[in-house]
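Reader: Hi! I'm new to this one. Could you walk me through it?
Author: Happy to, let's take a look together.

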Amino acid sequence: MTAEILYGADDLTHLEGLEAVRKRPGMYIGSTDSRGINHLFTEVVDNSTDEGVAGHATRVVVTLHADGSVQVDDDGRGIPTGTHAKSGLSGVELVLTRLHAGGKFGGSGYKTSGGLHGVGASAVNALSHRFDVVVMREGKKHEMSFAHGVPGTFDGPGPKAAFTRQSGLRVTGRTKRTGTSIRYWYDARYFENGAKLDVEAVRAKLRNTAFLVPGVTYVLRDATDGAIAEETFHFPGGLADMVDFLAPSNEKAVTGTLLIKGTGIYHENAADENGVMRSKVERQAEVEIALRWGTGYERTVECFTNTIRNMHGGTHRRGFERAALKAVQEAIGRTRGLLKPKEDPPTLDDVLEGMTAVVHARVPEPQFTSQTKDELSTAGITKVVLGIVEKHLKAWTEDRRTKSEAKVVLQKVVDASRVRLTQKQQKDAARRKTALEGAAMPPKLVDCRTTGIARSELFLVEGDSALGSARMARVSEYQALLPLRGKILNVQKASLADTLRNVEIASIVQVLGAGTGRTFDLAAMRYGRVILMADADVDGSHIRTLLITLFAKYMRPVIEDGRLYAAMPPLHKVVTKGRNPETHFTFTQREMEQRVARLEKAGKTVVKPVPRFKGLGEMDAEELWETTMNPATRSVRRITMDDAEAAEAALELLMGEKVEPRRAWLVESAARVDQSAIDV
């Protein structure tokens, strides 16, 4: 007789306060890798930025300390220090220990803000060893500290100092200044092994925000290497300066920078104080846009809501793109001689070719698809942005003072449309001779038997030696292999003609069967996924960077659709001795040392020295299958547009035409090299 399994109220778990954040950190900060650690910084600095947007702060200083802590200081009003009537807590303790507490829920504290859910600062506190806050307000200096979210005091600097529980905000002195200073030490236990703060992402965040809030100066003090390196970001020109910064340096501007500003009314459902949805509420949004067209072919459209970057755009981008397409199409239709009879009107891709634009919407209580605010979802904003942009662009194309400049853009768009259609016709004619029509594939391709894309994978393999093991390890039904000899051409510096003449690149393009550049057709791809399989060393990293840049420049939809991956082969093979030997694969030196220490602590004998794989070719087929190719056990990393941008930036820095940035980087990097490592 089987015992009955009971499920009752006692089986339910209720996580209170900050414990919910520690239990599921990814829900609150987006991920537990390096991006999550950077999101902690973003949450804190956004609160200071909100003070600047509201006109109460003019300076924000971010300090990255050598002990791993992050400090953000502003000269705003300071977090309210009075006692909150309902909770009995000071305003400081309330916002730092209670989820969904803050001054951004429709009150008079902020008209628009980047922090909206009252989760950010308290989530940072929850995921930190130590969290210190200093508030200067109303002539007094207030201080408070937390250990893992618990209020108290430390008897010295750093998270290892002795801690004593103590509730309440302490007045520690008098001051004429106002502002808030927050310093936190994040707890690595809540993050993936090897995750760390990305200093370049911090720098980019401060630079972007300085463009968006021209009245505030941002200072980055990087003391992670002991010495303090200081950078200041202040851009009085605002979005116009940002467009100049984002535009490709190797292209000329076709137009001056267009500045579009306006406000619009939209309506949305809102809940009353009891959470019940009531009649639609009228809201007002402010829109600011800067854009220009250049002679090049790349397009850059960056979107922000209340100074927060929306990596995936959202409703404001949709409104902008629809308005740009409609206004340009109508202007072309009104201009005699631009389009020939029976020619198709330009598409959005034609309009955006060569455009650099920044779209910034200030929205009261905006809605996002996630806590990380990567995409704006407030529906009414689309119509607001569309109306403002369409009206402005129509006036720009008709005003006698700007009509000639606009006509240059209209002609550029028509030319782009004609080139696109011509390339498509050529591509359609050539495709009859491609692999999809039965033409011969490169002889080195080890193809799979599957013809659909549901399971098929193409591995771009570094070298012929790795190909041997991979050929024996793969599942021939759905895994194809294409070996690459050495490093492919750096497409960042090469012309399109030189790129397509490169044998390795030509093979990749031919095998994928979907074309390149503007005519790339994702639906025509022969494989569901492309996996970059390079050695876990410096040369392998270089090869991955070159391949990612190739896809970003000429086959971008593969990355945008989430179909490009990087294999993560292990570095070490840890084996134990004895009657029941164990095998463990590790991916970093630190992980290997920690694994060996745990095994030895458990009384097991580890074979030493621990073998290190010099390359994929050193693995036998079973090892390669288990660690790198088996979908059930392998580790792969999906390549995102952030990775592509980082790869392009790395190639530009290390192999570009500008010498000074490379020299500066080499000098800075040399200072960080451990001499003992060189001696080894």
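Reader: Is R501 buried or exposed?
Author: R501 is exposed, with a relative accessible area of 58%. Buried means under 20% relative accessible area, exposed over 50%, and partly exposed in between (1.4 Å probe, protein chains only). One caution: this is a predicted model, where local features need pLDDT of at least 70, side-chain atom pairs count only at pLDDT 80 or more, and totals for chains, interfaces and linings use all residues. Residues are numbered from 1 along each chain as its sequence is written, and side-chain values use heavy atoms, with hydrogens and water left out.

Reader: Thanks! Which residue forms a salt bridge with R501?
Author: That's D498, with the closest N and O atoms 2.3 Å apart. A salt bridge here is a side-chain nitrogen of Lys or Arg within 4 Å of a carboxyl oxygen of Asp or Glu. D498 counts as partly exposed, at 36% relative accessibility.

Reader: How many salt bridges are there in the whole structure?
Author: A search finds 38. Among them, E302 pairs with R309 at 3.0 Å between the closest N and O atoms. E302 counts as buried at 15% relative accessibility, while R309 is partly exposed at 27%.

Reader: New topic: what is T164 in contact with, leaving aside its neighbours within four places in sequence?
Author: G152 and T153, where contact means heavy atoms within 4.5 Å. T164 itself is partly exposed, at 47% relative accessible area. Its C-alpha atom is 6.5 Å from that of F154, 10 residues apart along the chain.
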